[in-house]
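Work through the exercises below with the sequence and the model side by side. Try each task before you read its solution.

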Amino acid sequence: MSGVMAVVDAGDFTIAREIIMRGVAALFFLAFLSGFRQFPALLGKNGLSPATEFIRRTSWRQGPSVFRWRRTPYSDGLMRIVCAVGMALAASAVIGIPQLGPAWAPIPIFLAMLGLYLSIVSIGQRFYGFGWEMMLLEAGFLAGFLGSHAVDPPAPILLFLCWMVFRVEFGAGMIKWRGDPQWRNLTAMDFHHETQPMPGPLSRWAHLRAPWWHKVETVGNFVVQLGAPFLLFLPQPIATFGALAIIASQLALVVTGNYAWLNWLTIILATAAISDSTLAWFGGGPWPGLSWFGIEPHTTAETHASPLWWSAGIMVVFLWLLVLSRRPLLNLLSPNQRMNAAFNVFKLVNAYGAFGSMTRVRRELIIEGTRACDPSESDWLPYEFRGKPGDVYRTPRQFAPYHLRLDWLMWFAALGAYREPWFRALLVRLAQGDRGIRTLLRTDPYDGGAPALLRVRVFEYRYATSVERRETGRYWTRELQGTLVRPCSLTDLSPRDE
């Protein structure tokens, strides 16, 4: 029995457990907040892709959701209740309430958050089709089994968290190496900061660095993503060095872009490889951090053997997760590697990856309206989005880890997704002066009023050089490429929307 405890208990990772459990819960809170504020306008009864229609067309096996259990499966009010309950559960874990209970106490809290958020993701369609949605669900499942303060952190779950980070990082590195040749010839970062979905305040600065800088960035990306993940499974302090390399690279992405909670979640999960004693060694003395969380650090003389039932349960969960790992592992080894793929309906143990191909030119769709029936060029006014580039004088803001879903879809629209039904529905809602869509915009030039006409023009954007910035004050320069949607009224749009 003592041998089982030695395998399961990892008393030197108490700080990592606190960071992971509270960090994952905090990101769940933001995810539910995003749903509370954005889901009704995007996917509600009058949304761009109504969830009710999707639920009617699909089955539970295609997308398990609490919204399928009722005769009237979806309402905006029920969605907000689900999000509010999810936020309350997440807040309890951030504060640390379930961590004060028996060993199993965090499990139902995190499983409830997983179930509620899976219910949203499963009917979220295109607006929830991002890899970090699956990441949060998988991380939420694992975080619950880290246990409360009544037991030491379980080593098998920490090990599986490292395996999850491995899939995120190594998967991203391999998808790049196997994908766009610009990664292999070290020119990908010449474009990335300018053409990424939603730039941040420092993205222009990063783009304007010298060519050698971008080559170093690309090499560094491969070194971290293809090398550092292997270090996570080695003895301390090597595992900590691997985790710190991953954290540093993710922090660089945090300050140069807006990728919702992708980077922050990777940072949080990477701490699974950082031991308390290694942190104390870095700090030059006893590590006081546990007192911040309301618990005292263990001494080496103390024994905190977990109950046999807990250790046995953890091993059962761990072995089940290993079985689920077969397909993601084969995917990593496959020359036809899939990116951001789930292999079961609960989206546990997934395949991850990002930017297998690099966009070289940034195009933006600019939606404009006018109240004039026979407008001149000066009569057209743009609808501004919160994060998507538009006004050439506006410096991008930092929104991550909060997720602006419509802004992200507008980036895909410029790459061809404008053919999807949600984009025409967006134009209809704008033509109607819809209140829900207005809440997702930065500025509505008509303050909720309905324009007489709408049009969509395509511009090519690039960052202003230092000289252009000084002379004009512009953050971006842009050049008109053409008109995607010619001036049209609500009457022109509506028949094709339904």
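This is a predicted model: local features need pLDDT of at least 70, side-chain atom pairs count only at pLDDT 80 or more; totals for chains, interfaces and linings use all residues.

Residues are numbered from 1 along each chain as its sequence is written, and side-chain values use heavy atoms, with hydrogens and water left out.

**Exercise 1. Check the span of helix H18 against its number of residues.**

Step 1. Helices are DSSP runs of H or I with at least four residues, strands are runs of E with at least two, and both are numbered from the N terminus. H18 has twelve residues, 421-432.
Step 2. The expected span is 1.5 Å times one less than the number of residues.

**Exercise 2. How many residues of H18 are buried, and which ones?**

Step 1. Buried means under 20% relative accessible area, exposed means over 50%, and partly exposed lies in between (1.4 Å probe, protein chains only).
Step 2. Nine of the twelve residues of H18 are buried, so the helix is mostly covered.
Step 3. Among them are Trp422, Phe423 and Arg429. The list also includes Leu426, Leu427 and Val428.

**Exercise 3. Where do Ala260 and Val349 lie, and are they buried or exposed?**

Step 1. Ala260 is in the loop between H12 (238-256) and H13 (262-270). Its phi is positive, near 50 degrees, and Ala260 is not a glycine.
Step 2. Ala260 has 3% relative accessibility, so it counts as buried.
Step 3. Val349 sits in the loop between helix H16 (326-333) and strand S1 (362-370). Val349, also not a glycine, has a positive phi of about 60 degrees.
Step 4. The relative accessible area of Val349 is 1%, so Val349 is buried.

**Exercise 4. Which residues does the cis peptide bond with omega of about 5 degrees join?**

Step 1. That bond joins Gln236 and Pro237.
Step 2. Pro237 lies in the loop between H11 (211-231) and H12.
Step 3. Now take the peptide bond from Ala400 to Pro401: it is cis, with omega near 10 degrees. Pro401 is in the loop between S3 and H17.

**Exercise 5. Where does Arg397 lie?**

Step 1. Find strand S3 (384-385) and helix H17 (405-414).
Step 2. Arg397 is in the loop between them.
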